[in-house]
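I opened the notebook to record what I looked up in this structure, entry by entry. The sequence and the coordinates come before my notes.

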Amino acid sequence: MKKRTICCLTVLLMSGTASGAWAQAQSEVENDVDASRRLPTVLVESQRTEEYIQDVPISVTALDTELLDLKQVDAVSDLQFNAPNVNYTKTFFSGSNFQIRGIGSTLTAASADSGVAAHVNDVYIQSPRLFETEYYDLERVEVLRGPQGTLFGRNATGGAINMITAKPLVGEFAGKASFEYGNFNSQRTEGMLNVPLGDTAAVRVAGLYLKRDGFAETVDPRADFDDFDDRDIYSIRGSLRFEPTINTSIDLVASYFEEDDSRTRATKSLCDYDPTAVLGCTPTGLDFDSTNFSATLGGLLMSDLALGPFGAFPFNTIQNNPNPPDFRKAYVDEAPEYYADETFIMAALEHDFGKFRLNANIGRQETEVSSNGYGGSPAGAGEVIPPALVRALLPVTSSVLFDGNRIAVSGIDPNEVGYIGGNIFRYADGIFSYDQSDLIAEQTSFEVRLSSQFEGPLNFTFGYYNLDYENQADYYIFSNSADYASALLPTLLFGDPANGVVLDGVALGAPYFHSDTDRFKLESSAIFGEAYWTPNEEWTVTLGLRSTTDKKSERSRTPPLIAIGPIPIGDAAASTMDALLDGTYRELDVEFDDEITGRIVVDWKPNLNFTDETLVFGSYSRGYKSGGFNPPVDPAVISGVPTNFAPEQIDAFEVGTKNTIGAFQANMSAFYYDYKGLQVGKIQARTSINENVDAEIWGLEGEFLWAPTEKLLLNLTASYLNTEVTEFSSEDPRDPTAGEAGHILIKDTMLANNCVLTDADPVIFQTVLAGLQALSPTAFASTQLTEINGLQSPGLLFSCNAQVLGAVVAGMNLAGDTDVGIGAGVPKDLSGNSLQNSPEYSFNLGGQYTFDLANGMSVVARTDYYYQDKMYASIYNSPTQDTVDAWDVWNAQITLNSSDDRWYVRGFVQNILDDDSITGHYIGDQGTGLATTVFALDPRLYGVELGIRF
């Protein structure tokens, strides 16, 4: 009877298909003397040897191909609904953050590593196409929680994902195909064909094609399209397996993926409007407001505040497009463009020598991604008309800069000259801006492992790993407001227009922002291994060690925005700019040598009278992730940013138990992490500043499975996570005065960044400023302090130039205010704050029931529900801006299977309640007005799938 119960549970969990398959599986399992070990789900290789998941003393969740279908796990983003303490969100620069137990990747840097290592067939991928790729023809997906490094080639502090593709079946001819149609005109086709090549080899070819209409729509009447954020994706994979002997297997895998559509990098931009333009968005909350355009670099540079009579409009009179109060609507007149591709090739060898087993793999990946987004003309764009004075005084410049009343927008230019050298993306009515994020990366890796297979109590695994990785990363921001200013500033700075002295036909460059990583290179090598001592059948002690060496080098720069020149407009622009930028690349090198990490695990398999099988384990692990380089900085905007950020280390302690009690499975664990130097990032003053903080993390996890009858299967995953920053302070770019009184916040009227006069008396400041204005009206423009909603300290539009502020501070010191300081902001004490994207509570509840029909067919009905507690989107833990509300998602499907398991029909629905649940935030730069970009789950999706197997 016990075997029968286990059989029923296994079939429900592993397939939930036809009665014919049921009978076959029942017969096989009843003849399997080790059937009790098959209760959980699938075989895994989390310890680099094939084991049933209940025997593995690691916190691991594994989903095989049947479970991926049953739980509607279509992509890596769906794993958060099925594994405890896993969190996922897209990020702004064409990336994503997959977190395990609060650890992932929150940095913006070409040299950054992720805390969670992504693998395909055990091959580590430094720049994976995580969120674009949809799953197809997989054997399983494993999610390992906790530091990894003594078993896998690349070390990781948070955990690892391992995607195992289906291997060719030697001696079998098989295939499958499916077609899915759903709302948004979604059409998804998937297929596989397995062909034997004699008795020792087989080839398997699989592919996927997905095309659907966009989730979002434009409300701009000028647009010539209706929707965007669509999908046009295809992928193909070929696999060859060769088994020349019973002890040897060789696997070759090659795949290609491509996406070319209008995928958006983000769902929506939210803001509480700031009428003062000192911030752009106030720190009072998030609403469907638009940023105050006058707080942005473009709004400042194009106005009369910066350009005087040459300004295209009076300051603070032009506003951004309206922001429709709907997550799926936007006011844009051009659709975004998204392109990504990936080529992956690998070879793996396994040979059993008897006493030893050899495994080796070599992998090669090449990938490219390019993504841009557009911001249309603000409301009131008809008022943005180039002044007649500009046309009259600068006819040569105007002939290039204007097309009627339309203003040129620069395009990407290898010489950084844009429109100055004739590279014009388009002419636009009023203000037009866009940004573009590009990455080209390639890597080659090699790994070899030798494992003993002795009959005695002592065994070992020893390995060597090498990775060569290189990328080129670029991020651009274009606006015709910067182009306009670059053409006018030469005359204002170096001429005398009142007396007819103008500089026509020249401009200041570069006229757009460019964070340019010309080359980043990583060379990583490691030796690693584990020793296993099993004194008896109940006890095993594991000791693992790893030595890692990472060498990183980078060539990068950020040309000063419109601070180079004058440059002649026309053919000579490129050579002139090349000469001015010569030698501006920074060359950086760093080595993290012989970093020692490891783990010790003790596991016990007691023979208890109240369970069928029990595993109890305790472990200590030391994890490590190397440091890197902060992105290049425009020295005109900010100084004092460290070039490097430091490595991070984690001491992880865990205890857990895995239990099988008849038709019930209960796996539980508790963990504690002591983190040193956790890498976190923020955007400030047109760059990313990555810092190191200390933190403590602890939590509880449970995974439960129960089959109360042969037809019913229930599962529950529950987790608790407590994260806490310890002893760390940092400036919050959205609240530079740290919520305190007694400071003065300044918005620089030329560079649009913020700075702070700390411990400054506003009365003395205003008095000193008035005196300086009287002495030099042109150097100290008239301005007044004003109250800013949500801040205790006042602010104003002025200058963050060190020389100008130095004169102000000197005057304040003479007037008795002697404690005044100058800084980018006032550091906030973040001790006790939670880490970002780390909800305290989350759980997944699922159930399925199988109905056997009289004609031999079956119907499997399944539903899954996931709940996530509120969390903070940054370590600043602002209750008004960082809080991500609790959310849930509910999915369901029903499948009709044929009696011979040859075909099926499935109806499905995801996100039944159609909630716009937010998964994460990105906080924009001060120069773009501090809007908060949010990322949300997909809307409700439903459809029908038809499939055949042969």
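Which residue's side chain meets that of Arg241 in a salt bridge? I found that the partner is Glu243, with 3.3 Å from N to O, a salt bridge being a side-chain nitrogen of Lys or Arg within 4 Å of a carboxyl oxygen of Asp or Glu.

**Ground rules**

I note that this is a predicted model, in which local features need pLDDT of at least 70 and side-chain atom pairs count only at pLDDT 80 or more, while totals for chains, interfaces and linings use all residues. Residues are numbered from 1 along each chain as its sequence is written, and side-chain values use heavy atoms, with hydrogens and water left out.

**Confidence**

I looked up the pLDDT, the predictor's confidence in each residue on a scale from 0 to 100, and the chain has a mean of 89, with 93% of its residues at 70 or more.

**Salt bridges**

I read a total of 48 salt bridges for the structure. In the pair I began with, Arg241 is buried at a relative accessible area of 15%, whereas Glu243 is partly exposed at 28%; buried means under 20% relative accessible area, exposed over 50%, and partly exposed in between, with a 1.4 Å probe and protein chains only.

I next turned to Arg328, which forms a salt bridge with Asp916, their closest N and O atoms being 3.3 Å apart. Arg328 lies in the loop between helix H5 (304-307) and strand S18 (329-330), and Asp916 in the loop between strand S49 (903-910) and strand S50 (918-923), so this pair ties together parts that are 588 residues apart in sequence. Arg328 is buried, with a relative accessible area of 13%, and Asp916 is partly exposed, with 31%.

Lys711 forms a salt bridge with Asp852, and here the closest N and O atoms are 2.1 Å apart. This pair also links distant parts of the chain, with Lys711 in the loop between strand S36 (688-706) and strand S37 (712-726) and Asp852 in strand S44 (residues 841-852), 141 residues apart. Both are partly exposed, Lys711 at 21% relative accessibility and Asp852 at 43%. I also noted one network, in which salt bridges that share partners join Arg101, Arg145, Glu654, Glu701 and Glu703.

**Helix H8**

How far apart are the end C-alpha atoms of helix H8 (residues 480-494)? They are 22 Å apart, which agrees with the 21 Å that its 15 residues should span at 1.5 Å a residue, the expected span being 1.5 Å times one less than the number of residues. H8 bends by about 35° at Leu488, and Pro490 follows within four residues; the bend is the angle between axes fitted to the seven residues ending at a residue and the seven starting there.

I find H8 largely enclosed by the rest of the structure, because 12 of its 15 residues are buried. Leu489, in helix H8, is buried with a relative accessible area of 4%. Not counting residues up to four places away in sequence, Leu489 touches Leu307, Phe494, Leu508, Ile562 and Met750.

I looked up Phe257, which lies in strand S16 (residues 248-261) and is buried at 3% relative accessible area. Its contacts, again leaving out residues up to four places away in sequence, include Arg129, Ile233, Tyr234 and Ala340.

My last entry is Thr276, in the loop between strand S17 (268-270) and helix H4 (297-301), which counts as buried at 18% relative accessibility. A polar contact of 2.7 Å joins the side chains of Thr276 and Asp274; the term covers a pair of N or O atoms within 3.5 Å, where within protein one must be able to donate a hydrogen and the other to accept it, and residues adjacent in sequence count only if both atoms are side-chain atoms. Leaving aside neighbours within four places in sequence, Thr276 is in contact with Asn292, Thr786, Glu787, Ile788 and Leu797.

Definitions and conventions. Helices (H or I, at least four residues) and strands (E, at least two) are DSSP runs, numbered from the N terminus. Contact means heavy atoms within 4.5 Å.
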